[in-house]
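Here is a short report on one protein model. Keep the sequence and the 3D view at hand while you read.

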Amino acid sequence: MNLFSLPGMPWGSSSDGQEKVQVTAAELESLRSEIADLEEREAHLKAQLEHIDEILRSAHLSGYLDIRTRWAALPGEPPPIDDTDVDDWLPRFVVLHGTCIFFFLSSTDLSPQDSTLLSDIVEVGSLPSFTREDEGIRHCFYIMTSQGLRFECSHISKAQVDCWLSALQSDCNLGLDVKVPNGLTEK
C-alpha cells in the first residue's frame, strides 16, 4: 500500500520486501531544501515558545479573563448609553509583565493582540457583578487609560478579580500616597 503519492516518483518493491523510491537529482535537492526550511521554521517556533514560556514564568500575573472595551465620552458628547445587557464579552489571555499588560487571543498565541502600558492606566476599580445563564455570577473590574479606553474585565472567581485589582493598583501606584521631592503628598 502506498502511503505517499508524489507525482513523478515511482514506487516499487525490491526482492527483500523493502520499498524503493527513484528520485531525480532535482527532486532530491527540492526535498532537502524543504526539509531544511521546515527545520529552520521548527527552530524559530521553539525559540518563540521558549521566549513566551520565560515571559509567563516571570509574569506578575496571567490568566484568562473575559474582556470588553468602551471609550469614554468626548467633551460635548452625550453620556454613553447603558449597555449592561449587551453581551459582547470576549475571552482573552491577559499577562501582566513588567511595565505592560498584554492581551492575547489565547494562551498559545505568540504575539499579543493588544497591549497597554501601566503608565497609561489612570484608574482601576470594581464593577457590579452580573449573572450569565450558563456560567453563573461573574465578578468584574475595569482598567481606564489616559486615552479614555476602558477595559472591562470579568471572571467567575472573585479571588481572581481581587488578585488582578490588587496587582494593578500596586503596580500602577493607584490609591497609594506617593511622596514627591518637595515633601508634599499627592494621590
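## Strands around E5

E5 and strand E6 (residues 114–117) form an antiparallel pair with 4 bridges. Phe103 faces Asp114 in E6. Two strands pair if DSSP finds at least two bridges between them. Helices (H or I, at least four residues) and strands (E, at least two) are DSSP runs, numbered from the N terminus.

This is a predicted model: local features need pLDDT of at least 70, side-chain atom pairs count only at pLDDT 80 or more, and totals for chains, interfaces and linings use all residues. Residues are numbered from 1 along each chain as its sequence is written, and side-chain values use heavy atoms, with hydrogens and water left out.

E5 also pairs with strand E4 (residues 90–97), in the antiparallel sense and over 5 bridges. Here His97 stands opposite Cys100 in E5. The hairpin of E4 and E5 has 2 residues between the strands, and Gly98 in this hairpin takes a positive phi near 60°.

How covered is strand E5 (residues 100–104)? It is mostly covered, with 4 of its 5 residues buried. Buried means under 20% relative accessible area, exposed over 50%, and partly exposed in between (1.4 Å probe, protein chains only).

Now look at Thr99, in the loop between E4 and E5. Is Thr99 buried or exposed? Thr99 counts as exposed, because its relative accessibility is 58%. Leaving aside neighbours within four places in sequence, Thr99 is in contact (heavy atoms within 4.5 Å) with Thr116, Leu117 and Leu118. Asp171 is 72 residues from Thr99 along the chain, yet their C-alpha atoms are separated by 8.2 Å.

## Salt bridges

Side chains of opposite charge can pair when their charged atoms come close. A salt bridge is a side-chain nitrogen of Lys or Arg within 4 Å of a carboxyl oxygen of Asp or Glu. How many salt bridges does a search of the whole structure find? It finds 5. The table lists three of them, including the pair Arg138 and Asp66.

| Salt bridge | Closest N and O atoms |
|---|---|
| Arg138 and Asp66 | 3.2 Å |
| Asp162 and Lys158 | 3.3 Å |

Take Arg138 and Asp66, which form a salt bridge. This pair links distant parts of the chain: Arg138 is in strand E8 (residues 136–145) and Asp66 is in strand E3 (residues 61–71), 72 residues apart. Arg138 counts as buried, at 5% relative accessibility. Asp66 is buried too, with a relative accessible area of 10%.

Glu152 is buried at 8% relative accessible area. Arg68 is buried at 7%. Arg68, Arg150 and Glu152 are linked in a network of salt bridges.

Asp162 and Lys158 sit in helix H2 (residues 158–171). They are separated by about one helical turn, because they are 4 residues apart in this helix. Asp162 is partly exposed, with a relative accessible area of 35%. Lys158 is partly exposed as well, at 47%.

## A pocket and a cavity

Two terms come first. On a 1 Å grid over the protein atoms alone, a cavity is a set of points where a 1.4 Å probe fits but cannot get out, and a pocket is an open set with protein on both sides within 12 Å along at least five of seven lines; lining residues have an atom within 4 Å of a point. A volume is the space filled by probe spheres set on the points, with grid points joined across faces, edges and corners.

The second largest pocket has a volume of about 150 Å³. Its lining includes Arg68, Phe103 and Asp114. The largest share of this lining, 3 residues, comes from E3.

The whole structure holds 1 cavity of 30 Å³ or more. About 50 Å³ of space lies in the largest cavity. Which element gives the most to the lining of the largest cavity? H1 does, with 3 residues. Among the residues that line this cavity are Ile52, Phe93 and Phe104.
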